[in-house]
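Reader: I would be grateful for a close account of a single part, namely the ligand site.

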Amino acid sequence: MIALVAMALSCDRLSPQVTAAENHDDGTGPIVIGHFGSMTGAEATFGQSTDKGVRLAMDERNIQGGVKGRMIELVTIDDAGKSQEAGTAVTRLITEHHVKAILGEVASSLSKAGGAVAQKYRVPMISPSSTNESVTLIGNMIFRVCFIDGFQGYVVAKFARDSLHANRVGVLYDQQQAYSKGLAKEFDHAFRALGGTITTSQAYTGGDVDLSAQLQSLKDTNPEAIFLPGYYTDAGNIARQARKLGITVPLLGGDGWDSEKLTEIGGDAIEGSYYANHYSFEDTRPAVQNFVAKYQKRYGAVPDGLAALGYDAALVLFDAMDRAKSLNGGDLAEAIAQTKGFPAVTGVITLDKNRNPVKSAVMLVVKNGKPHYFGTVDPPTQPLPEIKDVEDTGGGEASMLTKLLQTLVNSLALGALYALIALGYTLVYGVLRFINFAHSDVFTFGAWISFTFANWFGWAKAAPGYGLPLILVLAMVTCSALGVTIERLAYRPLRRAPRLNVLITAIGVSLLLQNTGTLPWAFGPNPQHMAPLVADKSLATIAGVHLRLVDMVVLALALVLVGALQFLVYRTKLGRAMRAVSFDERVAALMGVNVNRVVTITFAVGSALAAAGGLLFALKYEALQITAGSQWVLLGLTAFVAAVVGGIGDVRGAAVGALLIAAVQEFGAAYLSTQLRDVYVFTILIIVLLVKPSGLFGRAVVEKV
Ligand code: PHE
């Protein structure tokens, strides 16, 4: 004990010394610099483009002899676009790779997380493209080469006022990203200062799939444009959902839209939208055209703003290294801070006392699937006028009936999807008495394999009428095979082991599937857009509510499948065998039931239903997040809750529970608060479990001692 305490104390005394020690350079060997960025995940193109820009700058410099006669080396660490990973990535760059300086991140929230670590170790960091004001306020080691959001908000506001002549604009922002939240605020401020009105400001969380409640609220206030200060994957998806709800006004964005994937994900829905950015590849300035030519020659693609900023950040760093007394943290930071009139691709860079440059921005318009130059906005020469509080006049609320009906339709369609997943949990639990936590991954697999098949057949843009049934069958068959394999390899060997072991194995299988799915040879690290297997049309309009073909297909198919399952379990011999195994496995075996066969079939059927759910999910929401996304886990959990609420093990219960949960979510989002969607689910769970512990349809189980 005493030895341990002594050790702990001595560690404590050591650590401040380590952290306070300045980053030291011995003046020999290659100069290692670090880049941390989202090389995978929903913002994967951010990190990928930045890395390409940085490498281009570095290789050019190395050909000219490097910096201070030493070669430059780059270490890139992927943070998958997650704030929690950013700090670790920077720590590793500093403590494992001993980098002299760090480039990154793109997303402001991640720069803040990583920047805190860089500041602590006193290693200079230059963010190429984080625009949130607070990033460089972390401390004297943190710099950036892009403009800040106070200016960007003004750029979009000015554009909306002067070019769109808009008086009334609505806002929809990502409440979990510092960038999105900050930019929404800055825009709000500037737009009102310029005499406009914000009709409503709605929030979502990155990766949310269903934004119909927020969009409906926006629509109700009749805006002339909607500002979406989020990242491209969300912006593309929101655009699609907005158009489906009949919102036709122009959409506006900030630099977070900058990705070639924007139009891939947003398709026609994003056409005619505008966003602010740091540069346009169509800019005729020689510095820009030179860079575009070099980049294209090396990578075969047109550089986006991130690539240009990555390139610029590296150039600014090398320039400062040339001037710095030494490459020790303090000396290098001092040299970066003195950057003045540096001619970069995205403009001339002079850092102010807060380590930010002042630069102009461009507005781009999306036309024929490409961002085109629309105009340049220079920093304002005078401060914005004070905001006069303007009365909101125009625009009426949508009728109460419309809102009610719309919410009802949404609940039914969502409930049907939940039901298909919930049935898989219930079936397996019913027969084997264990919770298959890998089930939501089978569902995810169903969505992705449907996407893969559809693209194989070349239906990415349009599909023949037999497309849907064919893909449905293929997806169900592959998913069944997957489910059966999982049971054989992971669960069957543990049939007699304690439940806890099986549960842990299930979680392991789940992680294995999630992570394997993101490998490049599997489904890859980028979000994707589902092929249109169901024509995008509205069948009828009742009281202003569109009944969409997709939703009807989802509902009809779910009904048919649930009915078929009910029949299978309660009316066939196989069903009787399943119920027998569920009741008592050993007795069933003694009575001649082939238990292994029944279990295999249970997994096959449950997985096939999950496949149908996955396909329908992909058709309804069109946006597929990477397989290791938390969105899928949450979906699986929600469906699992539906199964428990309905009484786990009961087929009808799962269906009813799913509808109930979906209704609670949709009505809560529409009438209370959209932010608390998932809280409602668990509130219902707790209430049901308190009142009827075995669930709505469940029978009380007598523990056999
Ligand atoms: N400005 C965004 C942020 O701070 C990141 C970004 C920059 C995205 C440039 C695209 C292009 O989070």
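From which domains does the shell around the ligand draw at least three residues each?

Author: The shell around the ligand draws at least three residues from each of domain 1 (2–147 + 287–354) and domain 2 (149–277 + 368–377), with bounds taken from an automatic or database domain assignment. This is a predicted model, in which local features need pLDDT of at least 70, side-chain atom pairs count only at pLDDT 80 or more, and totals for chains, interfaces and linings use all residues. Residues are numbered from 1 along each chain as its sequence is written, and side-chain values use heavy atoms, with hydrogens and water left out.

The ligand is surrounded by 14 residues, each having a heavy atom within 4 Å of it. Ser-108, Ser-129, Thr-131, Tyr-231 and Asp-255 are the closest. By class, the shell comprises six nonpolar, six polar and two charged residues; Asp, Glu, Lys and Arg count as charged, Ala, Val, Leu, Ile, Met, Phe, Trp, Tyr, Cys and Pro as nonpolar, and the others, Gly among them, as polar.

Polar contacts are pairs of N or O atoms within 3.5 Å. An N or O atom in the side chain of Ser-108 is 2.4 Å from an oxygen atom of the ligand. A polar side-chain atom of Thr-131 lies 2.8 Å from a ligand nitrogen atom, and one of Asp-255 lies 2.7 Å from a nitrogen atom of the ligand. Taken alone, the ligand exposes 320 Å², and the protein buries 100% of that (Shrake-Rupley method, 1.4 Å probe).

The ligand sits in the second largest cavity, that is, more than half of its atoms lie within 2 Å of the cavity's grid points. A cavity is a set of points, on a 1 Å grid over the protein atoms alone, where a 1.4 Å probe fits but cannot get out.

Key:
A polar contact is a pair of N or O atoms within 3.5 Å; within protein, one must be able to donate a hydrogen and the other to accept it, and residues adjacent in sequence count only if both atoms are side-chain atoms. On a 1 Å grid over the protein atoms alone, a cavity is a set of points where a 1.4 Å probe fits but cannot get out, and a pocket is an open set with protein on both sides within 12 Å along at least five of seven lines; lining residues have an atom within 4 Å of a point.
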